[in-house]
Amino acid sequence: MNKKTVLVTGGAGFVGSHLCRALLSRGNRVICMDNFFTGRMQNVQELRENPDFELITHDVTLPYSFYVDEIFNLACPASPPHYQRDPIATYKTSIFGAIHALELADKWHAKVFQASTSEVYGDAQVHPQPESYWGNVNPHGIRSCYDEGKRGAETLFFDYHRQHGTRIKIVRIFNTYGPRMNPEDGRVVSNFIMQALRNEDITVYGTGKQTRSFCYVDDLVRGFLCLMDSDDTVTGPVNMGNPGEFTMLELAEKVIKLTGSKSKLVFKPLPGDDPKQRRPDISLAGELFSWKPEIMLEEGLKRTIEYFKTVL
């Protein structure tokens, strides 16, 4: 009776499955909801043996209702090939998914957490990006189904908070990687590692000089829990990511070195609206709850490469 009941939407996804494990290790009862558009059963298969874990197959664009103490709303395709496969469904997932999570939180006076994204900053003209920056987003480009969907979800969270007093938490996630990434999800870390392990050409878009910051998934989940545990006056948004900044060429070279691959680099045109720079200002997370990433890129890549070797 003393266990908290925690809902994780998108719980069978890459980040969601790590979060489910962390919540179970804390002694919570975890309800994992996923429609398996991008989530994978193997990510949570062994968790189904835990009596405190429940898996529900459901699409968050449709209403649902049951008792919860906390909600982590992670449901949404997060890699461009996946969210561009059905952009209307992606946008509906962000907007209706937010509404249904907020309505359920209101019903039980539960805390509700929104997994937002660094994509709300678009092709940023401020570097690094602080939470106060409003962004530079193309509202009708090929990435806007995701970018504007997440921006709209943040709007809904703050409007529910102001109008209904809903207990909200918002995090803006920067590039994250680690075990249980989908090897075919089209993200740069998984692409480079899989191509390197297969000794295939590594595909670099544009000149390869565009930058990203890569956060290991364990650090990110630890940050989620810090934010959710914080006082109700702390709503966010809070940036979470690793401020170490690397070009795509630097990342490719690290992956080739760590895998011992014979891969060569090949260059292709840069996709539309692809941000040129991406690096989080994480000073707010440090001030609020002393959070900062602990696992640096080379160590995180080694762990991720070992996982992908088991996939192959």
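**Close-ups of a predicted model**

The lining of the largest cavity splits into four nonpolar residues, one polar and four charged (nonpolar: Ala, Val, Leu, Ile, Met, Phe, Trp, Tyr, Cys and Pro; charged: Asp, Glu, Lys and Arg; polar: the others, Gly among them). All views come from a predicted model, where local features need pLDDT of at least 70 and side-chain atom pairs count only at pLDDT 80 or more, while totals for chains, interfaces and linings use all residues. Residues are numbered from 1 along each chain as its sequence is written, and side-chain values use heavy atoms, with hydrogens and water left out.

**View A. The largest cavity.** Its volume is about 30 Å³, and the structure holds one cavity of 30 Å³ or more. On a 1 Å grid over the protein atoms alone, a cavity is a set of points where a 1.4 Å probe fits but cannot get out, a pocket is an open set with protein on both sides within 12 Å along at least five of seven lines, and lining residues have an atom within 4 Å of a point. Points are joined across faces, edges and corners, and the volume is the space filled by probe spheres set on them. Look for Lys4, Arg26, Glu70 and Asp229 among the lining residues. Helix H6 (217-229) and strand S4 (70-73) each give at least two lining residues, with H6 giving the largest share, three. Helices (H or I, at least four residues) and strands (E, at least two) are DSSP runs, numbered from the N terminus.

**View B. The second largest pocket.** Here the space comes to about 220 Å³. Helix H4 (residues 144-164) brings the largest share of the lining, four residues. The lining includes Trp134, Arg151, Phe158 and Arg172, and overall it counts four nonpolar, two polar and four charged residues.

**View C. Helix H5 and what follows.** Eight of the 10 residues of H5 (residues 188-197) are buried, so the rest of the structure largely encloses this helix (buried: under 20% relative accessible area; exposed: over 50%; partly exposed: in between; 1.4 Å probe, protein chains only). Phe192, Ile193 and Met194 are among the buried ones. After H5 comes asparagine 199, with a positive phi near 55°; this residue is partly exposed, at 44% relative accessible area.

**View D. Two cis peptide bonds.** Histidine 127 and proline 128 are joined by one, with omega about -10°, and proline 128 sits in the loop between strand S5 (111-117) and H4. Another links glycine 236 to proline 237, at an omega of about 5°.
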